[in-house]
Amino acid sequence: MSGAAARGKMMPENLEHDVLIVGAGLAGLWAASALGRRGVRVLLVDHKREVSASVATTGIFVRRSLESFHLPEDCLGPPVRHVRMHSPSGRVLALESGRDEFRVGRMGPLYQRLLTGARALGVTWSPATHFEGCETSVRGSVVWLRRNGQSIRARTRFILGADGARSRVATALSLDSNFAWIVGVEDVVVDVPLEGPPCFHCFLDPEIAPGYLGWLVHDGAEVHIGVAGNPARFAARDALEKLRVRARRIVPLERGRLVERRGGWIPVNGVLRSIVNSHGMLLGDAAGAVSPLTAGGLDPCLRLSEFAAGQVAEYLRSGDREALAELQGRRFRTRYRGRLTLRRLWSRLESRRAMEIVSVLLGTPPGRWLARRVFFGPGSFPDPETTRSLPYLTFRTGSADSEFPIPLRRR
């Protein structure tokens with residue numbers, strides 16, 4: 001290989017790195033680039049052979065993310081400004097924003113582009129590599145990995161666990177683990193004709209999605225239809241089929257083509273209290289950085305990963321543990337109190353009658369204000385002053401129409 005791509009290396013055995021990142025989803029990929037541009041030696045591992053395989057998230061980016069972070073334009077679907085909330089009886093509350101509120105990411109291509117950018121910044125990439133455990137000391141950690149059936153021992157100064165809602169890194173580092181969940185499943189359908197503007201449909205029906213909701217996002221290019229709820233109270237795939245039958249009255253799904261099914265566990269306990277110590281830290285779903293109310297995790301993921309990269313780089317440079325103290329989950333968790341309260345109230349709406357009453361109340365002026373606040377409001381993960389997007393440079397990756405924004409290094 002030559003040029004920028006040659007800077008990304010496959011992992012040799014026993015190689016020392018400043019930071020080991022476990023998990024190459026959005027949290028791990030973003031943190032890898034953010035650390036790479038700060039000159040930190042990063043080893044990124046994931047159990048998947050391809051980052052674009054087995055995507056779990058719907059990929060809905062909210063306006064706050066789109067305004068703050070530079071995401072490749074061709075990895076985003078058309079903007080969505082319209083929301084329609086459907087009650088159990090079919091009552092509809094229509095909301096419209098004057099701004100582009102949502103865009104659905106094409107997450108497989110986005111992950112691949114982010115990986116290309118991280119490797120161009122010197123990040124070492126090791127696919128099909130499993131994290132098995134670690135042994136910590138004052139000098140760093142010895143980490144046991146498994147690749148192609150062989151055990152590998154690596155040394156690192158710091159570990160970032162971006163390995164999902166059921167994090168093995170959390171257990172290995174004696175950090176907090178998620179304890180409250182919803183479980184979801186989603187189909188991605190293409191070639192469905194769009195009538196009217198792109199729209200985000202939400203279905204409020206505890207018989208279909210107890211403790212959460214069903215959704216259908218049609219942006220004119222793809223349809224994402226899914227359900228999530230309390231795993232003890234419903235069978236996700238059966239519920240998805242019920243929702244598909246109901247949604248056909250709104251969108252002609254039968255004319256489309258199923259291209260992907262996604263699913264997984266979503267933590268709704270809010271940011272965990274203990275997510276960092278002197279040996280490592282949790283990011284994204286592993287840290288519980290997901291809105292307890294909306295289950296939105298992409299904006300919190302980006303903000304926590306960007307902020308953590310700066311603080312971890314400072315800690316590695318100076319050894320000052322105050323840099324890590326800024327990352328403790330307790331600081332962020334206080335901002336989730338209102339959402340945790342609403343989550344508990346929402347999970348108790350177990351009858352269609354109760355949900356119908358809620359739907360009627362949402363149609364009142366105060367209810368519409370609340371609904372607009374939830375869907376169109378600027379709130380998300382607490383945004384530390386030090387978290388801000390950096391200037392970006394565009395470079396070509398070989399294809400005439402393929403570009404990727406690379407953050408400029410700060411000196």
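Biologist: In which strand is V45 found?

Modeller: Helices (H or I, at least four residues) and strands (E, at least two) are DSSP runs, numbered from the N terminus. V45 belongs to strand β2, which covers residues 42-45. This is a predicted model, in which local features need pLDDT of at least 70 and side-chain atom pairs count only at pLDDT 80 or more, while totals for chains, interfaces and linings use all residues. Residues are numbered from 1 along each chain as its sequence is written, and side-chain values use heavy atoms, with hydrogens and water left out.

Biologist: Is V45 buried or exposed?

Modeller: A residue is called buried under 20% relative accessible area, exposed over 50%, and partly exposed in between (1.4 Å probe, protein chains only). V45 has a relative accessible area of 0%, so V45 is buried.

Biologist: Which residues are in contact with V45, leaving aside its neighbours within four places in sequence?

Modeller: Contact means heavy atoms within 4.5 Å. With those neighbours left aside, V45 touches L20, I21, V22, G23, A24, W125, S126, T129 and L145. For V22 there is also a C-alpha to C-alpha distance: V45 and V22 are 5.2 Å apart in space, although 23 residues separate them in sequence.

Biologist: How many helices and strands are there in the chain?

Modeller: The chain has 11 helices and 19 strands. Of its 411 residues, 55% are buried. Among contacts between residues at least 6 apart in sequence, 72% join residues at least 24 apart.

Biologist: Which residues have the most contacts inside the largest nonpolar core?

Modeller: In soluble globular proteins, nonpolar side chains tend to be buried together. A nonpolar core is a set of buried Ala, Val, Leu, Ile, Met, Phe, Trp, Tyr and Cys residues joined through side-chain atoms within 4.5 Å. The largest one here has 74 residues, and those with the most contacts inside it are I21, F158 and M281. Helix α6 supplies the largest share of this core, 11 residues. Another core, of 26 residues, lies apart from it and includes V104, I182, L213 and V217.

Biologist: How many residues of strand β11 are buried?

Modeller: Strand β11 (residues 181-190) is mostly covered, with nine of its 10 residues buried.

Biologist: How many bridges join β11 to strand β15, and how many join β11 to β14?

Modeller: Two strands pair if DSSP finds at least two bridges between them. Strands β11 and β15 (residues 257-267) run antiparallel and are joined by 10 bridges; in this pair W181 stands opposite P267. Strands β11 and β14 also run antiparallel, joined by eight bridges, and V188 stands opposite H224 in β14.

Biologist: With which side chain does the side chain of E222 make a polar contact?

Modeller: A polar contact is a pair of N or O atoms within 3.5 Å; within protein, one must be able to donate a hydrogen and the other to accept it, and residues adjacent in sequence count only if both atoms are side-chain atoms. The side chain of E222 makes such a contact with that of R106, at 3.4 Å. E222 is found in strand β14, residues 222-229. Its relative accessibility is 19%, so E222 counts as buried. Leaving aside neighbours within four places in sequence, the residues in contact with E222 are R106, V188, V189, V190 and V217.

Biologist: With which residue does E306 form a salt bridge?

Modeller: Side chains of opposite charge can pair when their charged atoms come close. A salt bridge is a side-chain nitrogen of Lys or Arg within 4 Å of a carboxyl oxygen of Asp or Glu. By this rule there are 24 salt bridges. In one of them E306 pairs with R37, the closest N and O atoms being 2.2 Å apart. The pair links distant parts of the chain, 269 residues apart: E306 is in helix α6 (residues 298-318) and R37 is in the loop between α1 (26-36) and β2. Both E306 and R37 are buried.

Biologist: Which residue pairs with R113 in a salt bridge?

Modeller: R113 forms a salt bridge with D74, with 2.9 Å between the closest N and O atoms. R113 lies in helix α3 (residues 107-120) and D74 in the loop between α2 (63-68) and β4 (82-86), so the pair ties together parts that are 39 residues apart in sequence. R113 is buried, with a relative accessible area of 11%, whereas D74 is partly exposed, at 47%.
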